[in-house]
Amino acid sequence: MLRDILSGKSSIDPSQLAGAAGLPNDPASIAALMSQLQGALRGGGDDINWDIALSQGQERAAAGALSPTPKERAELDQAFHIAALWLDEVISVAELTASPRLMTRREWVTATMPLWTQLAEPVATSISDSLTRVLTEQAPEELQGMMAGASQVMRSIGGTLFAMQLGQVVGQLASEVVSGGDVGIPLLSDQQAALLPQNVAEFGEGLDVPADQVQIYLAVRELAHARLFRHSRWLRLHLISSITEFARGIHIDSSRLEELAEGFDPANPEELREAMVNGSLIPPKTDAQLAALDRLETMLALVEGWVDVVTMEATGRLPKADAIAETVKRRRASGGPAESAFSTLVGLELRPRRLREAAAMWQAVTDAVGNEARDQLWAHPDLLPTSADLDAPQGLVARLTSSAQGAEPVLDEVDQALEDLLRDDNTERPHEQ
């Protein structure tokens, strides 16, 4: 059937195939889709060709993209300079060693695609495994001998379709994000901050706010985000590992896939397309996934909450800072760029549900013990506030205040048991000698 479609002998319209996969169905895109699938059919192999995702993303991002003018570059460079000075007054984390960048949408896709593919690969592998398993299990006995080759073809073509979808999503995302840290996780390499001038300008459209204030505010947010990840060297790997840990637990509901296959109407691919984007092919989360999700959401809320608090403090000189902050909050509450991308790629929604609690907690900590003590909590993951601290920050504030006053720290059950064990061990050693 696949060979017939790709050779033009099938009654299935290629545009319907593109529609079912959630890809553009204009003539140029259809031609590119068929070419890529024909290449996958000929090439086979188990590995996904992620170069397809990059090229798709670059092409999507280039549509309607503009390069920054010399005037925009000068204004944003100045915004970064002011942002760095203001941040130095309110945070105690180290400065970046790399100069901030101004990126086009295409450049953003190129710079971030390696991490997108890393995050998406576990899901792509799961989808391919599920497709080949269903194909093998449901084939009549007399066709079992053909299944090895067919499975390899399905894996290759499925991987190609997934890579093309990834490219489309990231390309679309490039028209929405305003900075390197806009999706919460550090998509760029360590110590790199970046703004997208075209998207920054579009962000400010319709706001009754001078452009220079918008530029400075967004530059402060971006520098704060990048400097936090530079300061806490463990944080980037921790977040990425948490996401991939969650993604590896995702699998496809084979029974639902079989239902779709049995009732698939080539003339109406909308049901298949809807199933691919609404998550109905993914079974309910396991207990392990729910636990991983809770840890991930807490960490993302801590990052975003900290950035919100230090940005608010650093931009106190901006007359319209509150208006810009409100726009950021509304944009985030409506889903923002991160949610659609992650939910499409890894079945994971990253809307920061606990952001309000995290920001309130960081503000309470700042008020109680100051900026330096607050920022010291990022030195090690064991020092960071927990989900329970977001629920009731008074206990955390009391502990930090007591510690700042020189009181002995109150040990929890685990730490107390370890302390008792070490004390017993030390008292026994003289007798042993």
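Before I start: angles under 35 degrees count as roughly parallel, over 145 as roughly antiparallel, 65 to 115 as roughly perpendicular and the rest as oblique. This is a predicted model, where local features need pLDDT of at least 70 and side-chain atom pairs count only at pLDDT 80 or more, while totals for chains, interfaces and linings use all residues. Residues are numbered from 1 along each chain as its sequence is written, and side-chain values use heavy atoms, with hydrogens and water left out.

**Entry 1: α9 and α13.** I looked up helix α9 (residues 211-231) and helix α13 (residues 287-314), and they pack at about 135 degrees with axes 9 Å apart. So α9 and α13 are oblique to each other. (Helices are DSSP runs of H or I, at least four residues, numbered from the N terminus; axes are lines fitted to C-alpha atoms over the stretch in contact, and angles run from 0 to 180 degrees between N-to-C directions.)

**Entry 2: α9 and α10.** Next I checked α9 against helix α10 (residues 233-248): the angle is about 100 degrees and the axes are 4 Å apart. That makes α9 and α10 roughly perpendicular to each other. Leu228, Phe229, Arg230 and His231 of α9 touch Arg233, Leu235, Arg236 and Leu239 of α10 (contact means heavy atoms within 4.5 Å).

**Entry 3: aspartate 375.** I found aspartate 375 in helix α16 (residues 355-376). Is aspartate 375 buried or exposed? It is buried, with a relative accessible area of 1% (buried means under 20%, exposed over 50%, partly exposed in between, with a 1.4 Å probe and protein chains only). Leaving aside neighbours within four places in sequence, aspartate 375 has contacts including His231 and Trp306.

Technical notes
Helix = DSSP H or I, 4+ residues; strand = E, 2+ residues; numbered from the N terminus.
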